[in-house]
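Thanks for coming. Please have a look at the structure first.

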Amino acid sequence: MFNDLFSKETLSEAWRIIEAEFPTAIWETVYVTVLATAFSILIGLPLGVLLVVGEKNGILPLPSWLLHTLNVVINLLRSVPFLILMILVFPLTRLIVGTVVGTTASIVPLVIAAFPFVARLTESSLREVSPNTVEMAQSMGASPIQIIVKVMIPESVPSLISNATIAITTILGYSAMSGIIGGGGLGKIAINYGYYRYKYLIMIAAVILLIILVQIFQSVGTRLAAKADKRIKKKSI
Amino acid sequence: MIDIKNISKKFNTAEGTVEALKNVSISIPEGDIFGIIGMSGAGKSTLVRCINMLERPDAGSIEIDGVNLCELSESKLRSVRRDITMIFQGFNLLMQRNCLKNVCFPLELAGKSKSEAKKRALELLDTVGLGDKAKAYPAQLSGGQQQRVAIARALATNPKVLLCDEATSALDPTTTNSILELIRSINEKLGITVIIITHQMSVVESICKHVAILDNGEVAEQGEVTEVFSHPKSLAARKLVFPEGSTDSLIVGGSGERFVRVIFNGAGATGSPLIARMAVEKGIEANIAYASTKSIGGKAYGSMLLGISGDDADVNTAVEYLTQTPDVLAEEVTVHV
């Protein structure tokens, strides 16, 4: 099936499609990924905080049924395969966006799939803050809210950035899948040309671009996390 | 004045209930440097956490200047805690904030303006000798410097009481001394009551005026440091003062010897070779079977067990001779070798 992969006609045809469709596709992928990540953090971060502070021995204990429900919901959402989830949330998507197909519509299932993941990542970041540091803040008369805002979150910023990077690359992967339900982007191109029309060259080009995007997000994230971390010893002047 | 009355605290653990504190009563005079010493697991940390109510005692009361902390609500406690600040074994600085911002932290919590907080923080960093490290991050500082920043932070809200929870345990001896010196000067200049929790005798000896010995959740002994350390009455106190063991368990000596216990009770005896002089002047040769003496404030405290081979007369002469020295007691004792 790969016989005429690099024949003159395939190459020129592929180049025509790439030129015509890729700029929009890249933009759509970035747009969907960034927006979905932003919303996921908006919902997932506070939930992650609650998972930590709401524990029985936490600084703001929640009623145990509430914490339990929160944990169950997060685990449930995380165990539904994304492909199924996309279809399951159609009613919600229609309610919010007005339609279930298209690029913007694919943001809704992405957020639903990603915010529980972000909540768990946030939880693990905040757990890295030493209980001794929290105790210090309490001994200075800090309220629970002050501890969250001034101690727990700022102290775990480097870890939160690393985990946000993991989230954005995962969401990028999911966004490619949303090509199936008509979400735009590189995923749609890979499926439409590569899978349905056997234009493998296009598919390979789309996949390479996805890899490049993941690389960019990852290296920017790693660099930001390292830059934010003041624990890494620098020689004092 | 801090009055700890009959406090008890139990913890439920997987292995059952642990009584961390049993009916503990301590009173700490204002402006004092008060040591609370004990082995690990004696309940020191629980006690110090009860003083600022990070742990609420199950029973008893803690009064600071007549206010019973046990009766205060959480929000009232938060403002009281600005008067009872704390430094820790692990320093517990905010690692993502520079030194200046670390010292500003309690002021931010108290709602002070940024410029006001910054001004006060700079003053305090100067006080602890780190005026030039304001922009440095904790990871760039040594342990001793980090503890100095923690002290500056603890002083930011003008507290009445400074709790030091094993504050020097992670530091080397030289740094320990410089930190203790800083704490002493703060106590003198600002009149802050200092409570020092430690397992190190040397810390209590060098800085505290009063001490309470905590053993297995109970106060074994309390009083002036010189008094408690020179006449340890309780078993727990003796274990701390003579960590090598009591005189009855560790003896090197020949058979047929008789023993004389010599007690140094704050004698200026350190400078004079007492045992050697006895040999020269009285012709009595003493074998030192056991000795544990300490110099506290330039005076000798402790005890020594002398083995003397001789008859009644020799032993009596020795006892008489030793007793003549001021602040030295001597008596014959029977020990089983």
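**Salt bridges and a pocket**

Let me start with R258(B), which has 23% relative accessibility and so counts as partly exposed; here buried means under 20% relative accessible area, exposed over 50%, and partly exposed in between, with a 1.4 Å probe and protein chains only.

Before going on, a word on the source. This is a predicted model, in which local features need pLDDT of at least 70 and side-chain atom pairs count only at pLDDT 80 or more, while totals for chains, interfaces and linings use all residues. Residues are numbered from 1 along each chain as its sequence is written, chains are lettered from A and ligands numbered from 1 in the order in which they are written, and side-chain values use heavy atoms, with hydrogens and water left out.

Back to R258(B). What is its partner in a salt bridge? The partner is D312(B), with the closest N and O atoms 2.6 Å apart. A salt bridge here is a side-chain nitrogen of Lys or Arg within 4 Å of a carboxyl oxygen of Asp or Glu. D312(B) is in helix α11 (residues 312-324) of chain B and R258(B) in strand β11 (residues 258-267) of chain B, so the pair ties together parts that are 54 residues apart in sequence. Helices (H or I, at least four residues) and strands (E, at least two) are DSSP runs, numbered from the N terminus. D312(B) is partly exposed as well, at 49%.

By that rule there are 19 salt bridges over all chains. One of them joins E135(A) to R49(B), with 2.4 Å between the closest N and O atoms. That pair crosses between chains, from helix α6 (residues 131-139) of chain A to helix α1 (residues 44-51) of chain B. E135(A) is buried at 15%, and R49(B) is buried at 12%.

In chain A, a network of salt bridges links E55(A), R120(A), E123(A) and R127(A).

Now the pocket. A pocket is an open set of points on a 1 Å grid over the protein atoms alone, where a 1.4 Å probe fits, with protein on both sides within 12 Å along at least five of seven lines; lining residues have an atom within 4 Å of a point. The largest pocket holds about 910 Å³ of space, a volume being the space filled by probe spheres set on points joined across faces, edges and corners. It is lined by 28 residues, and those closest to its centre are K56(A), N57(A), G58(A), I59(A) and Q138(A).
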